[in-house]
Amino acid sequence: MKRNWIIGAAVSLTMLGTATAVMAGFGEDREATMKEVGKSMKALAEIAKGAAYDDAIVEQNTTAMATAFEKFGTLFPAGSETASKAASPDIWANMEDFNTLRTNAQTAALKVQTSGQDGFKAAFGELAATCKACHTKYRLAD
Ligand code: HEC
């Protein structure tokens, strides 16, 4: 009986360790996904600041960004509240609002894609505003 208890306790500890590792993975994925978004934003900002308009660069970075925002929505399951320091606990209390801000950003990225050279600056400005809208509410200083 005692042996069974020890084995049981060892199995539980292993499962707990796995669950913790899985949750930590969500935190790492959040950072990596936002870093991708940041990288794409930087490439678009170059154009906004005066670099030559390049369809391929716009297409590539807005597509990457829209994909990243899609993925970002899967990285906040219940139980992962403490997996990263910069994600506010308010996210879990306001998941619907958080997801609205996320899809707003995704839509804005795709609008930059279709804006064309003449509409680029205005669409880029709108996209930048969607980053700020979410960060002010749900991103903590890390
Ligand atoms: C729906 C909410 C939301 C939107 C929209 C959003 N972010 Fe974030 N962002 C976050 C959160 C939450 C974090 C903190 C992630 C973490 O570490 O858990 C973050 C972190 C970041 C980071 C830091 C990544 C790191 O750890 O190094 C960058 C860079 C970033 N965001 C860029 C952007 C840019 C650029 C946009 C707009 C194009 C944007 N974000 C839009 C929520 C958002």
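Colleague: Is the crossing of α1 and α2 left-handed or right-handed?

Modeller: The crossing of α1 and α2 is left-handed; that word applies if the near helix is turned anticlockwise from the far one by less than a right angle, and right-handed if clockwise. A word on the source: this is a predicted model, where local features need pLDDT of at least 70 and side-chain atom pairs count only at pLDDT 80 or more. Residues are numbered from 1 along each chain, and side-chain values use heavy atoms, without hydrogens and water.

Colleague: At what angle do helix α1 and helix α2 pack?

Modeller: Axes are lines fitted to C-alpha atoms over the stretch in contact, and angles run from 0 to 180 degrees between N-to-C directions. Here α1 (residues 2-48) and α2 (residues 55-72) pack at about 155 degrees, with axes 9 Å apart. The two are therefore roughly antiparallel, a label for angles over 145 degrees.

Colleague: Which residues make the contact?

Modeller: Contact means heavy atoms within 4.5 Å. Among those taking part are Met34, Val37 and Leu44 of α1 and Ile57, Met65 and Phe69 of α2.

Colleague: How many salt bridges does the structure hold?

Modeller: A salt bridge is a side-chain nitrogen of Lys or Arg within 4 Å of a carboxyl oxygen of Asp or Glu. There are 2 in this structure. Aspartate 97 pairs with lysine 137 at 2.8 Å, N to O, and glutamate 126 with lysine 111 at 2.9 Å.

Colleague: Is lysine 137 buried or partly exposed?

Modeller: Buried means under 20% relative accessible area, exposed over 50%, and partly exposed in between (1.4 Å probe, protein chains only). Lysine 137, at 44%, is partly exposed, and aspartate 97, at 27%, is partly exposed too.

Note on methods:
Helices (H or I, at least four residues) and strands (E, at least two) are DSSP runs, numbered from the N terminus. Angles under 35 degrees count as roughly parallel, over 145 as roughly antiparallel, 65 to 115 as roughly perpendicular and the rest as oblique.
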